[in-house]
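Hi everyone, thanks for having me. Have a look at the sequence and the structure first, and then we'll talk.

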Amino acid sequence: PETTNGCDALTQVELSNGPELKCLDFAAAADDFAQFQVIFPKSWNEGTVTFQAFFTVTGTNTGTVAWGLAGRSFAAKAHSGTSNDIDVAAVSGAVTIAGAAADTLTIFQIARDVSADSQTGAARLLGIKLFFTTDAANDA
């Protein structure tokens, strides 16, 4: 959530048939805002983007929800030893996604393995760049 006019804090909804959803609730009575990070691959043409929101609602009517999106990019670098610099890690090994299918909601869990690192400070995750293979020229 943003500090000014932010949506509700992260909340957890436990599903009876699957994972727990981590949700940001946006009020029905006012414009609310939140931020998230995405790291684009080198193949990005640095042009405009489109988006599609995956969401659920607490109400039972069939009304619509309107979403808006704006963005700004910042550069990252290898760890400099300076607090709050934006750092970038090495690429991971392959990760298998259970039930993978196009046009579905995929939920990821990320963790820090402190037994495998040597950083004595807290690690503040800012976003994840996902590498993936395409099998079509576009999503049309």
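**Starting from one leucine**

Let's begin with L126, which lies in the segment after β2, the strand that covers 20–23. Before going on, please keep in mind that this is a predicted model.

So, is L126 buried, exposed or partly exposed? Its relative accessible area is 45%, so L126 is partly exposed. To count as exposed, a residue has to be over 50%, and buried would be under 20%.

Which residues does L126 touch, if we leave aside its neighbours within four places in sequence? The answer is Q37 and I86. Take I86 for a moment: it is 40 residues away from L126 in sequence, yet the two C-alpha atoms are 8.4 Å apart in space.

Now move to L125, which also has its place in the segment after β2. L125 has a relative accessible area of 53%, so this leucine counts as exposed. If you want a distance to go with it, L125 and H79 are 46 residues apart along the chain, and their C-alpha atoms are separated by 14 Å.

**The whole chain**

Let's zoom out. How many helices and strands does the chain have? The count is 0 helices and 2 strands.

What about the overall dimensions? Along the principal axes, the C-alpha atoms fill a box of roughly 50 × 40 × 35 Å. The radius of gyration of the chain is 18 Å, whereas a compact globule of 140 residues would have one near 14 Å.

Next, how much of the chain is buried? Buried residues make up 3% of the 140 residues. The chain exposes about 13,000 Å², and carbon and sulfur atoms supply 53% of that area.

There is also the matter of who touches whom. Take the contacts with a separation of 6 or more: residues 24 or more positions apart account for 35% of them.

**Rings**

Here is a part you can look for on the screen. Searching the whole structure turns up 3 aromatic pairs. One of them joins F26 and W67: the ring centres are 5.2 Å apart and the planes meet at 85°, so the pair is edge-to-face. The cut-off for that name is an angle over 60 degrees. This pair links distant parts of the chain, with F26 and W67 both in the segment after β2 but 41 residues apart.

Are these two buried, exposed or partly exposed? F26 has 33% relative accessibility, so it counts as partly exposed. W67 comes out at 35%, so W67 is partly exposed too.

One more ring deserves a look, that of F74. The charged end of R72 sits over it, 4.5 Å from the ring centre.

**Salt bridges**

How many salt bridges does a search of the whole structure find? It finds 2.

One is between K22 and E20, where the closest N and O atoms are 3.5 Å apart. K22 has a relative accessibility of 48%, so it counts as partly exposed. E20, at 32%, counts as partly exposed as well.

The other is between R112 and D117, with the closest N and O atoms 2.7 Å apart. R112 has a relative accessible area of 36%, so it is partly exposed. D117 is at 31% relative accessibility, so it also counts as partly exposed.

**Two backbone angles to finish**

My last stop is the backbone. Most residues other than glycine have a negative phi. With that in mind, look at E46: it is not a glycine, but its phi is positive, about 65°. E46 is found in the segment after β2, and at 65% relative accessibility it counts as exposed.

N84 is another case, with a positive phi of about 70° although it is not a glycine either. N84 has its place in the segment after β2, and its relative accessible area of 61% makes it exposed.

Methods. Residues are numbered from 1 along each chain as its sequence is written. This is a predicted model: local features need pLDDT of at least 70, side-chain atom pairs count only at pLDDT 80 or more; totals for chains, interfaces and linings use all residues. Side-chain values use heavy atoms; hydrogens and water are left out. Helices (H or I, at least four residues) and strands (E, at least two) are DSSP runs, numbered from the N terminus. Buried means under 20% relative accessible area, exposed over 50%, partly exposed in between (1.4 Å probe, protein chains only). Contact means heavy atoms within 4.5 Å. Rings of Phe, Tyr and Trp (its six-membered ring) pair if their centres lie within 6.5 Å; planes under 30 degrees apart count as stacked, over 60 as edge-to-face and the rest as tilted. A charge sits over a ring if NZ of Lys or CZ of Arg is within 6 Å of the ring centre and within 35 degrees of the ring normal. The radius of gyration is taken over C-alpha atoms; the globule rule is 2.2 Å times the number of residues to the power 0.38. Accessible areas come from the Shrake-Rupley method with a 1.4 Å probe; for residues, only the protein chains shown count as cover. A salt bridge is a side-chain nitrogen of Lys or Arg within 4 Å of a carboxyl oxygen of Asp or Glu.
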